[in-house]
Amino acid sequence: MTGSTAASFTADDYRARMERAVRTAADAGLAGLLVAPGPDLVWLTGYTPPAVTERLTLLVLAAGQDPVLVVPALEAPDAHRAAGATALTLRDWTDGKDPYAATAALLDTSGRFGISDNAWALHLLALQQAMPGSSYASLTEALPMLRAVKDAAELDLMAAAGAAADATFEEIRDVPFAGRPESEVAADLDRLLRRHGHEQVDFTIVASGPNGANPHHEAGDRVIARGDMVVLDFGGLRDGYGSDTSRTVHVGEPTDEERRVHDIVREAQEAGFRAVRPGAACQDVDRAAREVIAAAGYGEYFIHRTGHGIGVTTHEPPYMIEGEERPLVPGMCFSVEPGIYLPGRFGVRIEDIVTVTEDGGRRLNTTARELVIVE
């Protein structure tokens, strides 16, 4: 049960995105954008190369000219089939030719350009050699909010991804936990996410007992036992858009302390969610959640930011962290995921994806945030 973002967006949608990217680049003082294969290229054009190789594939966006996608000739047929192909000009090159000279001919050779974070050094160095007067900035540095505000169609896809993750949680809470290694429960999560429409699973964290004190623990051979707190954090891409949710369950009846810590995190998560509104700073979400945990005496055990953006990747700007004063805007999507991590004992994390609305926020994950008892 998989899908394709190509079916969801038209050439006009991609044309509008590229035009907005050019305007945003100009506002940032850039002569243009150079977009290599990866999430930015997919978002701007709907094109994913059949393979990422040493051959140059590059979208060239600059003011006053039509978008140009430079592609190897042997991959041109695939590029022509991309959903956004009719919104740009395809310029192919054959082996033995110099694609960097061809690209340089499209650009202000003394300009400053935004370039994809994941562009190969091989390509960047060759472009610099072809345009000695040029300079570059990473897209995350220069245009961190390029993909941050989602339109209505994107929000529908984000909501569907969130619902699929919720359905996965509702099923995973009924599988056996006690007596099984973390890796088996992680495999169950992977299977369920795919069954509910995910074409890509990015992470399936199953952190039991003392492993729960490591926020990015990778599921391993530890056998889950009765009495364990278990942090579940899982997500990936469904129809090209991300899911990411965390719930903490307990195998059998928890202790009073375990319930109390879980309740504190649940209260902190609610406080972070209630801080979401247009015009609030990203750091306000972090502060609201962190204040609850600090007031309860566990401030030193909340060891990561409160949230991260999500869209065509599962982690992207904006970030809900102290010092990030960027205002929230309707259509932004990000996680709210405070946690408490007690070394050598257990951890608790609760996470929802939230989108900013005109008057507040809306959760894209709606499963119970109360402590769930599993067997």
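A residue is called buried here when its relative accessible area is under 20%. All views show a predicted model.

**View 1. Arg 17 and Glu 154 form a salt bridge between two helices.** The side chains of Arg 17 and Glu 154 meet with an N to O distance of 3.7 Å. Arg 17 belongs to helix H1, whereas Glu 154 belongs to helix H7 (residues 152-172). The two residues are 137 residues apart, so the pair links distant parts of the chain. Are Arg 17 and Glu 154 buried or exposed? Both Arg 17 and Glu 154 are buried. Arg 17 has a further contact in this view: it lies over the face of Phe 9, at 4.3 Å from the ring centre.

**View 2. Phe 9, Tyr 14 and Tyr 241 make up one aromatic cluster.** The whole structure contains 4 aromatic pairs. In one of them, Phe 9 and Tyr 241, the ring centres are 6.2 Å apart and the planes stand at 50 degrees, so the pair is tilted. Phe 9 comes from the segment before helix H1 (11-27), and Tyr 241 from strand S9 (residues 241-251). Phe 9 and Tyr 241 are both buried.

**View 3. Phe 113 and Tyr 136 pair across strands S5 and S6.** The ring centres of Phe 113 and Tyr 136 are 6.1 Å apart, and the planes are at 35 degrees, so this pair is tilted. Phe 113 is in strand S5 and Tyr 136 in strand S6 (residues 135-138), 23 residues apart. Phe 113 counts as buried because its relative accessibility is 0%. Tyr 136 also counts as buried, at 13% relative accessibility.

**View 4. Ala 26 and Phe 113 are 9.9 Å apart in space, C-alpha to C-alpha.** In sequence, Ala 26 and Phe 113 are 87 residues apart. Ala 26 is part of helix H1. With 43% relative accessibility, Ala 26 counts as partly exposed, whereas Phe 113 counts as buried at 0%.

**View 5. The charged end of Arg 290 sits over the ring of Phe 302.** The distance from the charged end of Arg 290 to the ring centre of Phe 302 is 3.9 Å.

**View 6. Arg 180 and Glu 184 meet in a salt bridge.** Side chains of opposite charge can pair when their charged atoms come close. The structure holds 30 salt bridges. For the side chains of Arg 180 and Glu 184, the N to O distance is 3.1 Å. Arg 180 counts as buried, with 16% relative accessibility. Glu 184 is partly exposed, its relative accessible area being 37%.

**View 7. Arg 222 and Asp 228 meet in a salt bridge.** The N to O distance between these side chains, Arg 222 and Asp 228, is 2.7 Å. Arg 222 counts as partly exposed, at 27% relative accessibility, whereas Asp 228 counts as buried, at 9%. Elsewhere, salt bridges with shared partners join Arg 247, Glu 270, Arg 274, Asp 352, Arg 363 and Arg 369 into one network.

**View 8. Val 52, Trp 120 and Leu 122 make a nonpolar surface patch.** The area of the patch is about 290 Å². Trp 120 is placed in the loop between strand S5 (112-115) and helix H5 (121-130). How is Trp 120 classed at 35% relative accessibility? Trp 120 counts as partly exposed.

**View 9. Cys 282 and Cys 333 are too far apart for a bond.** A disulfide is a covalent bond between the sulfur atoms of two cysteines. The cut-off for a disulfide is a pair of cysteine sulfur atoms within 2.5 Å. Conversely, the closest cysteine sulfur to that of Cys 333 is in Cys 282. The count for the structure is 0 disulfides. Cys 282 is buried, with a relative accessible area of 0%, and Cys 333 is buried, with 1%.

Conventions: Residues are numbered from 1 along each chain as its sequence is written. This is a predicted model: local features need pLDDT of at least 70, side-chain atom pairs count only at pLDDT 80 or more; totals for chains, interfaces and linings use all residues. Side-chain values use heavy atoms; hydrogens and water are left out. Patches are made of residues with over 30% relative accessible area and no salt bridge: like charges are joined within 9 Å, nonpolar side chains (Val, Leu, Ile, Met, Phe, Trp, Tyr) within 5 Å. Accessible areas come from the Shrake-Rupley method with a 1.4 Å probe; for residues, only the protein chains shown count as cover. A salt bridge is a side-chain nitrogen of Lys or Arg within 4 Å of a carboxyl oxygen of Asp or Glu. Helices (H or I, at least four residues) and strands (E, at least two) are DSSP runs, numbered from the N terminus. Buried means under 20% relative accessible area, exposed over 50%, partly exposed in between (1.4 Å probe, protein chains only). Rings of Phe, Tyr and Trp (its six-membered ring) pair if their centres lie within 6.5 Å; planes under 30 degrees apart count as stacked, over 60 as edge-to-face and the rest as tilted. A charge sits over a ring if NZ of Lys or CZ of Arg is within 6 Å of the ring centre and within 35 degrees of the ring normal.
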